[in-house]
Amino acid sequence: MAATQENASRTVTLIPGDGIGPECIESARRIIDAAGVGLTWEVRHAGESVFKQGIPSGVPQDTIDSIRRTRCVLKGPLGTPVGYGEKSANVTLRKLFETFGNIRPVRELPGVKTPYSGRGIDLVVVRENVEDLYAGIEHMQTPGVAQCLKLISRKGCEKIVRLAFELARSEGRKSVACATKSNIMKLTEGLLKRTFEEIAKEYPDIQSWHVIVDNCAHQLVKKPEQFDVIVTTNMNGDILSDLTSALIGGLGFAPSANLGNEVAIFEAVHGSAPKYAGKNVINPTAVIGSAIMMLRYLGELEAARRIENALFVTLEEGKVKTGDVVGYDSGLATTTTAFTDAIISNLGREPKTIAPRSYKQLNIPRVSADPVSVRPQQRRVIGADIFLESGLLPDKLGPALETLAEGSSLKLKMISNRGTQVYPDKGTLIDCVDHYRCRFVLRDAAASLQDADLLALLGRLASEHRWVHVEKLVEFDGQPGYTKAQGED
Ligand code: NAP
């Protein structure tokens, strides 16, 4: 991945992070400085220490200001302590600067024995980084029922899909697989699949295919060498990329880049591993790998190659090995500092058993800044799903709602509980909770629902029931913008 950004600066914001973060970051910084790259480091903070100062976001203003200036961050992992801040400072940082693409490469490494050694694993997970369930929009719908909104946009899908294909091109990769759960979540996960299939046509030089994400996990364990680039939604990518890191030796070896149009943040896939903090035993390779990705991004291709080669030589020769590779209690494990020293002493050497990949400049896609990405010719509201908190069972709730809707333009079509139709009763066996989706549709199937009619119905329902939220049922250009409940005809 090489992406010389016009706005890239030689000053980099350095966030040491929490737990093992400072040790990993110090290792990477020493190696970069020893390679003579000449970066200026602007040290700033985020995460646990900031939460403890009473800053609930975990990201202070002077860190935000620094990143706005430098546009480039090398960071250690940040812990998310229970009881201080509510949100992960990591996710906040990624989202504050719209780093929409999380690039997580894994490659079989010399000297790192795994059950997959010799299979030639060399793949990249391209994970959408700011949308999906990680939009973090959560509400208690009733005192006992929680909801998290899975927000996926056409624009977000286009950005991540284009980034995956551009990355494939820049690294000379042959195929991009799109991993989704579109068979179940047809509108959200399906949007990524549909966007992928559309945009893939613009990249005829790259083979493209879709895989259901659960099978992708299965295939990754069974035959990981079949994958080249995998593009996927945020949560799928989070899980799959921890899996892929295990294939090449574990989290200690998995680097990542968070790329946006304005800012890039480089960090390991792993977290702050608090049990190892301050012990000088952890493997800094993941952060070093992230720093190598950063150097390529900054256009420092030669320095990136030198450091990567020195890392490969160190692993290949195996004179020093960290505890995650040989066992912390084996008596064979080296310290983080000694491992770093070995890499520095190997600068200028070439590995014998692994060839460095050649990288071309990565074109980070810039799609229109217009918030509207799809403009339908027609839209028609055909009804509404009204969500109620109710302790009634469906056989009581259904008739009560039908009575309330009498004389209005809407009629009750069905009620579902956690997505499955419970009224009208189909003789199924469902253990209901106090959260019902009540689907009302227009009695006149050719009409379009007016807000006044919906509000009037809500007013009637509110007189006897507690409504919690409402979703309009909209058709865009004749296509339903909603899905059916399980069991709904
Ligand atoms: P973790 O910190 O990634 O650690 C999980 C395990 O991975 C460790 O116990 C260790 O395995 C291994 N490991 C991780 N990094 C290693 C390294 N550099 N060298 C050797 N082994 C390493 O995951 P966690 O314990 O679930 O999370 C701890 C905290 O980190 C949480 O507060 C979480 O929110 C945060 N987190 C931050 C980020 C980020 O900043 N990007 C990412 C993930 C999690 P063994 O126990 O098998 O030795």
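The largest pocket of this predicted model is lined by 50 residues, and Lys 150, Leu 187, Thr 188, Tyr 482 and Thr 483 lie nearest its centre. A pocket is here an open set of points on a 1 Å grid over the protein atoms alone, with protein on both sides within 12 Å along at least five of seven lines, and lining residues have an atom within 4 Å of a point. About 2,100 Å³ of space lies in this pocket, where a volume is the space filled by probe spheres set on the points, with grid points joined across faces, edges and corners. The model is predicted, so local features need pLDDT of at least 70 and side-chain atom pairs count only at pLDDT 80 or more, whereas totals for chains, interfaces and linings use all residues. Residues are numbered from 1 along each chain as its sequence is written, and side-chain values use heavy atoms, with hydrogens and water left out.

By class, the lining of the largest pocket has 21 nonpolar, 15 polar and 14 charged residues. Ala, Val, Leu, Ile, Met, Phe, Trp, Tyr, Cys and Pro count as nonpolar, Asp, Glu, Lys and Arg as charged, and the others, Gly among them, as polar. Elements that each supply at least two residues of this lining include strand E7 (145-148), helix H6 (188-200) and strand E13 (379-389). The largest share, 6 residues, comes from E17. Helices (H or I, at least four residues) and strands (E, at least two) are DSSP runs numbered from the N terminus. At least three residues of the pocket lining come from each of domain 2 (122-247) and domain 3 (379-480).

The domain assignment of the protein chain gives these two domains together with domain 1 (1-98 + 260-357); the bounds come from an automatic or database domain assignment. The centres of domain 1 and domain 2, taken over C-alpha atoms, are separated by 25 Å. Domain 1 gives 9 residues to the contact and domain 2 gives 13 residues, contact being defined as heavy atoms within 4.5 Å. In the protein chain, 14 helices and 18 strands are assigned. The C-alpha trace spans about 85 × 50 × 45 Å along its principal axes. Of the contacts with a separation of 6 or more, 78% are accounted for by residues 24 or more positions apart.

The structure also holds 4 cavities of 30 Å³ or more, a cavity being a set of grid points where a 1.4 Å probe fits but cannot get out. The largest cavity contains about 350 Å³ of space. Its lining has 24 residues, and Pro 105, Arg 107, Pro 255, Glu 308 and Tyr 359 are the closest to its centre. This lining divides into 15 nonpolar, 2 polar and 7 charged residues. The largest cavity lies between domain 1 and domain 2, because both give residues to its lining.

The second largest cavity has about 60 Å³ of space. Among the residues that line it are Gly 111, Phe 253, Thr 314, Lys 321 and Phe 339. Its lining divides into 6 nonpolar, 4 polar and 1 charged.

Buried residues make up 52% of the 489 residues in the protein chain; buried means under 20% relative accessible area, exposed over 50%, and partly exposed in between (1.4 Å probe, protein chains only). The largest nonpolar core has 89 residues, and those with the most contacts inside it are Leu 74, Val 126, Phe 266 and Met 294. H9 gives the largest share of this core, 9 residues. Domain 1 and domain 2 each contribute at least three residues to this core. A second, separate core has 23 residues, including Ile 386, Leu 449, Leu 454 and Leu 461. Such a core is a set of buried Ala, Val, Leu, Ile, Met, Phe, Trp, Tyr and Cys residues joined through side-chain atoms within 4.5 Å.

Two individual positions were also examined. Glu 158 is in helix H5 (residues 154-170) and is buried, with a relative accessible area of 18%. Not counting residues up to four places away in sequence, Glu 158 touches Thr 195, Ile 199 and Val 367. Thr 353 is in the loop between helix H12 (336-345) and E13 and is exposed, with a relative accessible area of 61%. Leaving aside neighbours within four places in sequence, Thr 353 is in contact with Pro 110 and Glu 316. The C-alpha atoms of Thr 353 and Leu 109 are separated by 9.4 Å, although these residues are 244 residues apart along the chain.
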